[in-house]
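The sequence and structure come next.

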Amino acid sequence: MNSSKGPPSSRRATKTLSASQQKAVEEKRLRGELSCAECRRLKLRCDRQVPCGSCSRRGCASICPSGVLEAGAGHVHQGGMRVGQLRTKIGIMASRIRELEAALGEGHALLEERLLRIGRIDEEPPEEPGSISQLEGLGTLTLGEEGEASYFGSSGGNESLIAREMMLYSNSNEDDDSDESSLNPSPELFTAVAGSSVSDEEAILPSEEEGRSLALAYCATGALFFRAWKREELFDEVIPKVYGPGGASAHLQSALFFVFALGAYLSPKKVNGLHEEQAEIWFQRGRAAFQKKDKKRNSPEDTIRALGLMGTYFSMASRHHSRDSAWAALALAAKLCQGAGLHRDPARWNLPSALVQRRRALFWEVYQSDISHSIALGRPPTTPLSFVDCEYPDEDPMSHQDICNLKYRYSRDAFIPIMDLVLSAYPTKRSYREVVELDAKIRKLQVPIPPSDNGLKTFFANQLLNAVILTLHRSYMARAILNGKAAAKGEDPNKPFDPFDSAQTPYAPSVTAAYHAAEEISRSLHGFAVTDSEIAGRVWFLTYHGFSAALVLGALASRAPGSTYAPTAIMTLSLVVDGVFAKYVHVSARHRTAFVLLRRLKTRAIRRYTAF
């Protein structure tokens, strides 16, 4: 990335067009010299006709080239006018009707009850506080002129913010020579899986001493996120087999190369970009090994391990690869788990105890990784739990098993119920009390993790509960600060809106839970960035939770500046923006884009709090 180019959107955030400049832009749009306003808003390719093809296909030709449609269910285009405009017009007309009725006086023929109802058509029945349906929003679907498509569901809103900002930056900088990843799964995944360009060149292994050093680094760090083997299995069986005279299958070699890649990427000894350079070398050799045609048969388990490690590397190395690729690789691994029968408990077939433990551990590693990426992107899980009876592997504190089993429990007993709530296309109506009860159930899952010298492990374990709680409550918190404000205005105009007050919003418990989770995540991330700065910036999907937490704090402070928690929220938000994301703008486009978005949010929150 050319360092001379500042953060994306910095130019857009500061540049203000004068009236004459705006008029000149509109004239150029009318002449077809610029993309229409709606295509620019949606980041679509515009053919610069008036009206353009995109607006014509979407049924909004009447607003082209200068008008835009507001996003959201309340602004769907209908007959050339937005629903929001229609509602406003109806509200004005209804208010006028009531004024005229008041002027007529009692006893007039036009004041019959059946006629009075006409003036109340804009008054919708209040929502029953005790019941909720699926939270509004189908998610974000982006379509391109050439068939490109990308979908982020309701729980993937934060990821879609970054994706859209990155797309806008790339569209406005077509000459950018950056190698940052795009929205869609990277070609590496399809090349590695389909084997469209198989290389005859041998994937060269490092010396066994260097290989064991990289594997050791993987066991200390990378295995926290995807543990393909226990430590003793890796060192006593896998490495001797791959380096031995008999050799190993292509996919087992590939999996070991991906272990080396993760070990190099997360090694604290490799700094100043050396970790990325060496990790990518081992990753590319792992891809070559995965594609290689070999006489040795690849076992399904080795293929699954290779795909799981590949997906984990995709999610880590966000400068070169996308999270979409990680999601796709892990979804394919989950499908292969089904094909190998890993979702059924192996003890039912009376298999040897060691094999039972290996199959259980591999299934749950793939399952929890698939769930983690699916909920982050707002997409359904690959394997429904109704088809799973595989038990958890036995506890083994010598190989991160304490935190592994904790991850498995969260994926099954926390994330799946949350996904049923926010992602289901056909949700069942449920009471808000059930959400509160789910919160209490999730909190009981957390167990004390023994003290460890591994800072990454401690940080990861402590963040699990708060990340899940934040995912559960942030949608209800958003509903509270958006809808509760209007309700508070009707009661006492002098009383400041406070979403933590249950008298002002029925979702106050979610506001409180989301706020405290966001505070814990933000302060924990800041502390980790101080004590282990080098590693903290490399693990994006942990930093991602800090981004989500900062969005919650910024929304609370800017939407409810009168709340007693607003000053603390702004202080913690500043810690995350200036003490974490500002340090990592050079790491990847994701970090840089997150920093720009959060800096903008912090500025708005401070301005509104100061003006309050």
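A cavity is a set of points, on a 1 Å grid over the protein atoms alone, where a 1.4 Å probe fits but cannot get out, and its lining residues have an atom within 4 Å of a point. The model is predicted, so local features need pLDDT of at least 70 and side-chain atom pairs count only at pLDDT 80 or more, while totals for chains, interfaces and linings use all residues. Residues are numbered from 1 along each chain as its sequence is written, and side-chain values use heavy atoms, with hydrogens and water left out.

**Cavities**

Six cavities of 30 Å³ or more are counted. A volume here is the space filled by probe spheres set on the grid points, which are joined across faces, edges and corners. For the lining, Ala, Val, Leu, Ile, Met, Phe, Trp, Tyr, Cys and Pro count as nonpolar, Asp, Glu, Lys and Arg as charged, and the others, Gly among them, as polar.

| Cavity | Volume | Lining residues by class |
|---|---|---|
| Largest | about 440 Å³ | 15 nonpolar, 12 polar, three charged |

Helices are DSSP runs (H or I, at least four residues) numbered from the N terminus. At least two lining residues of the largest cavity come from each of α13 (300–316), α14 (323–339), α15 (353–377), α16 (401–422), α18 (455–491) and α21 (540–559). The greatest contribution to this lining is that of α18, with eight residues.

Around the second largest cavity lie R227, A228, W229, K230, E233, R305, Q357, R358, A361, L362 and P393. Helix α15 supplies the largest share of this lining, four residues.

**Cysteines**

A disulfide is taken as a pair of cysteine sulfur atoms within 2.5 Å. Zero disulfides are found in a search of the whole structure. Buried means under 20% relative accessible area, exposed over 50%, and partly exposed in between (1.4 Å probe, protein chains only). C219 is buried at a relative accessible area of 10%, and C404 is buried at 0%.

**H275**

H275 belongs to helix α12 (residues 274–291). Its relative accessibility is 7%, so H275 counts as buried. Contact means heavy atoms within 4.5 Å. Leaving aside residues up to four places away in sequence, H275 touches A264, Y265, K270, E534 and R538.

Definitions and conventions: On a 1 Å grid over the protein atoms alone, a cavity is a set of points where a 1.4 Å probe fits but cannot get out, and a pocket is an open set with protein on both sides within 12 Å along at least five of seven lines; lining residues have an atom within 4 Å of a point.
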